[in-house]
Amino acid sequence: MKLVAIAGSIGEQSYNRMLLQYIAKHFENLVDIELLNIDDVPVFNEDEDLSDNIEIQKVYQKVYGADGVILATPEHNHTVTAAIKNVIEWLSFKLHPFDGKPVWIVGASYFNQGSSRAQLHLKQILEAPGVNAIVMPGNEFLLRNAKEAFDAEGQLKDAGTVQFLEMVIQKFIKFVKVIDMLDAPDPKSYQDEDLESKGKVNTTIEGVDMHDEHWVEKAAQKVHAVDGSTYVKLDRGILTVDQLNYFLKTMPVELTYADDNNQFIYYNKNQPADKMLAPRNPGQAGDPLADVHPGRAVDRVKQVIHALRTGETDLVSMPVPGNGPDRHVMHYYKAMRDENGRYRGVNEWVPIIKYYLASTGQKLIKDPAAKPISPITGIDVMAGASANPEPDVTSGASEEGPAGHDVTSGASETPESNPEVDATSGASEV
């Protein structure tokens, strides 16, 4: 789970920031918490729309993409600080990342009140129209006498306070999971799958036309996306954006990413479209899935997406019509899920077995003891898949495919003898 935290004080010495730093460090084994800096957010003025300002966009994108938000507010004159109110003004003017977002309010104060009145006021602000956050009820955390509460290393001294804090953060984690599931109800049937991408998810980039030929460039500019030599922290590694591109482009498979809003947002462009097994072109990136398929394929696309989204299967495979004795192209569709098990899109790959065979000096041969299986998996029972399924679910590849592109280098004429393929290398298991 990914949370972001904002301290309502921009002063150099902030006990509310210390509280958030303690929470992020002490509970790092439970949840990933990132503290956001609001020091440079400009003063709100509705006559001067600065929604695209880089500092506002930084906070907006982090809040929008997070599973939940922790707000720590001091109390100034019985109410919230100008700094946190200013941020909320920007994030409820033209941008609305708090809409439907789970929020937990905490606070620290110099004296006995523990920012109670500021917390109550902040809750009212967050539930106002235009903000529409979902604030966790009850379970307030009010740290009083903050000057004496921390030791020299920034640790909370009182064991009872720490124990109570752990109980509340555990409740917030559960609260976030419940809101997350309520916020993303699955379509009731595959016919309800929206291939026009009319909705939005917490990674949707708003304000850019999905059909724009230059969607990638305009969307990147809109969110101030990093590129080049900027480092990106991944699950088990740190790479620059350039290194990520090198890595993905040299994969011996053609990769495609369609998100949980059924928007086609990425493919690893490692060769021109006319050389690809599942042809794609740069202008398609950003399109809704309905735009990258022929009309006759839409029903099958919905079946595949719905089966993956609902967990009926996590993998669908099917051959492309038009295969012959010297070529056999398979498409694989794998459900992607986040740490909470929520569906986050489909990873499609087309394995390039010829590359693997050429690099290893091996070849495919028929196994007389093998028991042939259907090349179509995952939806054959549900959808009654035929032996000639519609082409490429996420890219709209042509039925014939690129001419003269030998995929399996001596594969059997019958699709049933096609071996299963390693998802990451295209390596045959035979």
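This is a predicted model: local features need pLDDT of at least 70, side-chain atom pairs count only at pLDDT 80 or more; totals for chains, interfaces and linings use all residues.

Student: Which residues make the contact between α3 and α4?

Tutor: From α3, the contact uses Ile84, Lys85 and Ile88. From α4, Leu122, Ile125 and Leu126 take part.

Student: How many helices and strands does the chain have?

Tutor: The chain comes to 11 helices and 13 strands. Of its 430 residues, 46% are buried. Among contacts with a separation of 6 or more, 70% are between residues 24 or more positions apart.

Student: Next, aromatic rings. How many aromatic pairs does the structure hold?

Tutor: There are 11 aromatic pairs in the structure. To read one, take the distance between ring centres and the angle between ring planes. For Trp104 and Phe172 the centres are 5.8 Å apart and the planes stand at 35°, so this pair is tilted.

Student: Where do Trp104 and Phe172 lie?

Tutor: Trp104 belongs to strand β4 (residues 102–108) and Phe172 to helix α6 (residues 159–183), so the pair ties together parts that are 68 residues apart in sequence. Trp104 and Phe172 are both buried.

Student: Which pair is stacked?

Tutor: Phe264 and Tyr267 form a stacked pair, with 6.3 Å from centre to centre and 25° between the planes. Planes under 30 degrees apart count as stacked, which is why 25° qualifies. Phe264 is buried because its relative accessible area is 0%, and Tyr267, at 9%, also counts as buried. The cut-off for buried is under 20%.

Student: Which residues form an aromatic cluster?

Tutor: Tyr15, Tyr110 and Phe150 form one cluster. Tyr110 has a further neighbour to look at: Lys147 lies over the face of its ring, at 4.5 Å from the ring centre.

Student: Now charged side chains. How many salt bridges does a search of the whole structure find?

Tutor: The search finds 19 salt bridges. In reading one, check the distance from nitrogen to oxygen, then look up where the two partners sit in the chain. The side chains of Asp32 and Lys2 meet in a salt bridge at 3.4 Å, N to O. Asp32 is in strand β2 (residues 32–36) and Lys2 in strand β1 (residues 2–7), so the bridge links parts of the chain 30 residues apart.

Student: Are Asp32 and Lys2 buried or partly exposed?

Tutor: Asp32 is partly exposed, at 41% relative accessible area, and Lys2 is partly exposed, at 27%.

Student: What links Asp49 and Lys94?

Tutor: A salt bridge, at 3.3 Å from N to O. Asp49 lies in the loop between β2 and α2 (54–65), and Lys94 lies in the loop between α3 (82–90) and β4, so parts 45 residues apart in sequence are tied together. Asp49 is partly exposed, with a relative accessible area of 41%.

Student: Which residue does Arg342 meet in a salt bridge?

Tutor: Arg342 meets Asp180, at 2.2 Å from N to O. Arg342 is in the loop between β12 (330–337) and β13 (343–351), whereas Asp180 is in helix α6, 162 residues apart. Arg342 and Asp180 are both buried. Salt bridges can also share partners, and here they join Lys2, Asp32, Glu34 and Lys62 into one network.

Student: Is Arg309 buried or exposed?

Tutor: Arg309 is buried, with a relative accessible area of 11%. Arg309 lies in helix α9 (residues 298–309). Beyond its neighbours within four places in sequence, Arg309 is in contact with several residues, including Asp186, Glu193, Asp260 and Tyr343.

Student: Last, backbone angles. What is phi of Asn77 near?

Tutor: Phi of Asn77 is near 55°, a positive value in a residue other than glycine. Asn77 lies in the loop between β3 (68–72) and α3, and at 76% relative accessibility Asn77 counts as exposed. Asn132 also has a positive phi, of about 60°, although Asn132 is not a glycine. Asn132 lies in the loop between α4 and β5 (134–135) and is partly exposed, at 34%.

Key
Residues are numbered from 1 along each chain as its sequence is written. Side-chain values use heavy atoms; hydrogens and water are left out. Rings of Phe, Tyr and Trp (its six-membered ring) pair if their centres lie within 6.5 Å; planes under 30 degrees apart count as stacked, over 60 as edge-to-face and the rest as tilted. Helices (H or I, at least four residues) and strands (E, at least two) are DSSP runs, numbered from the N terminus. Buried means under 20% relative accessible area, exposed over 50%, partly exposed in between (1.4 Å probe, protein chains only). A charge sits over a ring if NZ of Lys or CZ of Arg is within 6 Å of the ring centre and within 35 degrees of the ring normal. Contact means heavy atoms within 4.5 Å. A salt bridge is a side-chain nitrogen of Lys or Arg within 4 Å of a carboxyl oxygen of Asp or Glu.
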